[in-house]
Amino acid sequence: MALTKLNNNGIAGVTALPSSIALGDMVLVSSATASSSASLSFTLGDYKEYQFYFVNMHPDADRFFKFNFSTDSGSNYSVSKTTTFFKARHYESDASYEFGYEAGYDLANSTADQTLTEGNVEGNDNDASLSGSMHIFNPSSDTYVKHFMANINQLGKPDGSTRTTFNNYIAGYANTTSALTNIKFVMTSGTIDSGTILCYGIN
């Protein structure tokens with residue numbers, strides 16, 4: 001079998017791929033990089049699935065990371081959602097660990113923002129951040145509710161001082177048959193100091 005070579009020396013510098021390499025159906029739709037940003041928002045279209053990747057999202061202070069949907073092109077972000085939330089956590093000191101459901105972070109047909117983090121993401125620690133992914137299925141459907149699920153890892157301090165890893169699992173559905181047109185990511189308040197969100201579409 002013949003060896004297929006990239007048209008550039010390094011992956012980071014790739015600007016073109018040989019025609020023999022199939023790109024498949026996963027397309028980078030857009031990306032946004034925070035710089036003391038109040039929010040980062042994305043337009044949703046006709047892809048059957050959207051995948052979001054969060055890379056080192058760092059708040060200006062200790063904050064929750066949240067999202068909400070819009071059905072009116074971003075005029076309002078207040079779609080009713082029913083969700084679940086569970087997490088695992090482990091202290092850096094190895095003094096404590098936990099796995100369990102978080103009833104305080106789920107929603108029951110509520111228009112409130114859905115949190116993606118268990119407690120605050122550390123903003124006062126300069127090396128702290130969150131990273132993870134989120135999937136949204138068929139947001140343009142005018143027949144079904146819109147299912148989503150996310151997996152987020154963050155650095156937090158549940159006791160106010162001990163650095164801890166949290167692995168959060170969030171899932172649910174947007175309780176509407178209207179097409180979802182936009183999604184917005186925010187911190188509880190303040191700004192997203194830095195970090196990048198990548199949005200991919202899959203047919």
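Colleague: Why is the contact between the side chains of Arg 63 and Asp 60 called a salt bridge?

Modeller: A salt bridge requires a side-chain nitrogen of Lys or Arg within 4 Å of a carboxyl oxygen of Asp or Glu. For Arg 63 and Asp 60 the N to O distance is 3.0 Å, so the pair meets that rule. This is a predicted model, in which local features need pLDDT of at least 70 and side-chain atom pairs pLDDT 80 or more, while totals for chains, interfaces and linings use all residues. Side-chain values use heavy atoms, without hydrogens and water, and residues are numbered from 1 along each chain as its sequence is written.

Colleague: What makes Arg 63 buried or exposed?

Modeller: Buried means under 20% relative accessible area, exposed over 50%, and partly exposed in between (1.4 Å probe, protein chains only). Arg 63 has 18% and is therefore buried, whereas Asp 60, at 30%, counts as partly exposed.

Colleague: Why is Glu 92 called exposed?

Modeller: Its relative accessibility is 55%, and the exposed class begins over 50%. Glu 92 also forms a salt bridge with Arg 163 at 3.0 Å, N to O.

Colleague: What joins Glu 92, Asp 125, Asp 127, Lys 157 and Arg 163 into one network?

Modeller: Salt bridges that share partners join these residues.
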